[in-house]
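Please open the structure in your viewer and keep the selection panel at hand. The stops below say what to pick and what to look for.

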Amino acid sequence: MIQEETITPYTLESRETLKSFENEWPLNRVKKMTLEEYVSVDNRTTFCYWIETETRHIGSIKGSTSIKFGIYKPNKNRDINEIERFIHDEEYVWSKRYGNSREEVFRKIQSNIIAIIENVQSGNFRAIDTIDISHMFKWKIAFLYSKENLLPIYKKDVVIDECLRVGINTKNKSFSYLIDSLYTKKPKEQSVFDYMAEVFARVRYKPNYYLLGSNYEQFNGNYKDVLPLMLSENVISVGFEHDLNLEEYIGDEERLKQELENRNVTQPSKNALLKFIKIRPGDIIGLKKRTNDNKIIVNAYALVLGSDDEVIYSTHKELVHCLKIDFFESDVNKKIDVNRAHTMHEIKKEAEIETIFGSYGETEVRNITTNNLGIDYKKERKYEVTTQARTYIVNSIHDKLQNQCSNYLKEKLGNSSVVKLEKDFIDIKVNLTNGKIQLYEVKPYQNPSYCIREALGQLLYYASRTTEEIDLIAIVGPNILDSNAQSYFDFVKKNINFSFEYISANKEFDS
């Protein structure tokens, strides 16, 4: 018996959108369209607006700027001469590989779009692989004209992950092979739209972890630490290939790889750039420097910002290629006994994630779901990683440490009733049987000095206002005191009139 497709409200809505697109942009109109009809500003009827925005909830192609269209018109409030790394005239900006004039460029792009549509309508998906248009843009076009014979998933790493999950060999396979093979694995009762939503529900907010070097080699052969500049700009960056239009290649790794090979870029630079364009919103970055004994020091941790897989890319005269981030903390100075000499490394092993990223790499933090952040992909049609997500992660770490500390104290004291969480704005308050109190303030940061600095003021403020006799004030952080933090702790302990402790969760609490 053939299983019938289940028609969900999301599928019905998606098919209505698809039908509207087909009515608005049939192939014969694409063949006649002008540059103004293709792309413009403040015009919601253009071809590109329909592809990217009007049909967004049936497969997002966010992931780079409008250069993915090959040619575009900047916003009116942006000086055309401010746009670096691209060819432009007084009105349009375009990628130099398409030509030297807007007319030549548009003719070539239009011809390529027509080729995509004609090939997908004839079932020749393989031909689309080699058509020269940015990856996600061309496969979104292909889906919209495929009569649902393709899947609305355009990001290659997402497709590869799903292929591996269902047992499809991905080694050295083209995108057309992968997406066509994955289509055959779709449950018969699911529409392509519901299957797409299910796939993205598995990957959203599951960060990848990267180590990124902050030392830039100068012309004289010396190195400069650009982390202070990254901190001031709230970005992470790589400084290779100053003249490369890197944002053009976000989401299109194969084309960047070919471009770097054509430029004879060194392998270390190539590796860093290829990894950099794979970064997506929600990923967590450790900023590192090498030591003389081939170990590393991690000086900062950051969360990559953006929405719908679209990172916020920019360029900077000194930093070069940048992505917008929000720092969890800086001045960490965490020395780690691993040898990671290259500019950029993706960290995949659980043990290494735990060693390098500490509490930022814990399982319950990494597996943030859309429901955790109150976002339903089908209803909202988008997700965002903002400072709110950073706060969510930090609060998750804090809450875990607080609960661990509470359980530790209950067991240590043998009386759970005296341990109170969130009592009078203190994380943990212990009421001893002798009438005295103990105060514990929890901080989730990797740098123990920062934990002390952030917690001490709160503890002393509370101590100054209570009428109860204080037996102990204590600070709880993830890591043991390093030499700098130990000196800071000893100084404070010597100069206050309370018993004072620092408790390391990693040392004292069971995981």
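This is a predicted model: local features need pLDDT of at least 70, side-chain atom pairs count only at pLDDT 80 or more; totals for chains, interfaces and linings use all residues.

**Stop 1**

Start with β1 and β3. Strand β3 covers residues 93-94, and two bridges join this strand to β1 in the antiparallel sense. Select Ile 71: its opposite number in β3 is Trp 94.

**Stop 2**

Select Glu 91 and Lys 73. The two form a salt bridge, with the closest N and O atoms 3.1 Å apart.

Is Lys 73 buried or exposed? Lys 73 is buried, because its relative accessible area is 16% and the cut-off for buried is under 20%. Glu 91 counts as partly exposed, at 30% relative accessibility.

**Stop 1**

Pick Glu 254 and Lys 156. Their side chains meet in a salt bridge, at 3.9 Å from N to O. Glu 254 belongs to helix α11 (residues 253-262) and Lys 156 to helix α7 (residues 156-165); the pair links distant parts of the chain, 98 residues apart. Glu 254 is partly exposed, with a relative accessible area of 43%. Lys 156 is also partly exposed, at 22%.

Next, pick Arg 390 and Asp 326. This salt bridge brings the closest N and O atoms to 2.8 Å apart. Arg 390 is in helix α16 (residues 387-413) and Asp 326 in strand β13, so the pair ties together parts that are 64 residues apart in sequence. Arg 390 counts as partly exposed at 22% relative accessibility. Asp 326 is buried, with a relative accessible area of 13%.

**Stop 4**

Select residues 284-290, which make up strand β8. The strand is mostly covered: five of its seven residues are buried.

Which strands pair with β8? Strand β4 (residues 209-213) pairs with β8 in the parallel sense, over five bridges. Look for Gly 213 and its bridge partner in β8, Lys 288. Strand β9 (residues 296-304) runs antiparallel to β8, and seven bridges join the two. Here, pick Gly 286 and its bridge partner in β9, Tyr 301.

Follow the chain from β8 into β9. The two strands form a hairpin with five residues between them. Stop at Asn 294 in the turn, where phi is positive, about 65°.

**Stop 2: helix α17**

Select residues 448-465, helix α17. Does the length of this helix agree or disagree with its residue count? At 1.5 Å a residue, its 18 residues should span 26 Å, and the end C-alpha atoms are 26 Å apart, which agrees.

Go to the start of α17. A side-chain oxygen of Asn 447 comes to within 3.0 Å of the backbone nitrogen of Ser 449.

Now colour the helix by burial. Among its buried residues are Pro 448, Tyr 450, Ile 452, Leu 456, Leu 459 and Tyr 462. Show what covers the buried residues: the cover includes β13 (320-336), β17 (426-431), β18 (437-442), β19 (470-477), α18 (483-495) and β20 (500-504).

**Stop 3: Cys 451**

Stay in helix α17 and select Cys 451. At 0% relative accessibility, Cys 451 counts as buried. What does Cys 451 contact, leaving aside neighbours within four places in sequence? Its contacts are Lys 443, Tyr 445, Ile 475, Gly 477, Pro 478 and Tyr 502.

Finish with a distance. From Cys 451 to Lys 324 is 25 Å, C-alpha to C-alpha, and the two are 127 residues apart in sequence.

How values were computed:
Residues are numbered from 1 along each chain as its sequence is written. Side-chain values use heavy atoms; hydrogens and water are left out. Helices (H or I, at least four residues) and strands (E, at least two) are DSSP runs, numbered from the N terminus. The expected span of a helix is 1.5 Å times one less than its number of residues. Buried means under 20% relative accessible area, exposed over 50%, partly exposed in between (1.4 Å probe, protein chains only). Contact means heavy atoms within 4.5 Å. A polar contact is a pair of N or O atoms within 3.5 Å; within protein, one must be able to donate a hydrogen and the other to accept it, and residues adjacent in sequence count only if both atoms are side-chain atoms. Two strands pair if DSSP finds at least two bridges between them. A salt bridge is a side-chain nitrogen of Lys or Arg within 4 Å of a carboxyl oxygen of Asp or Glu.
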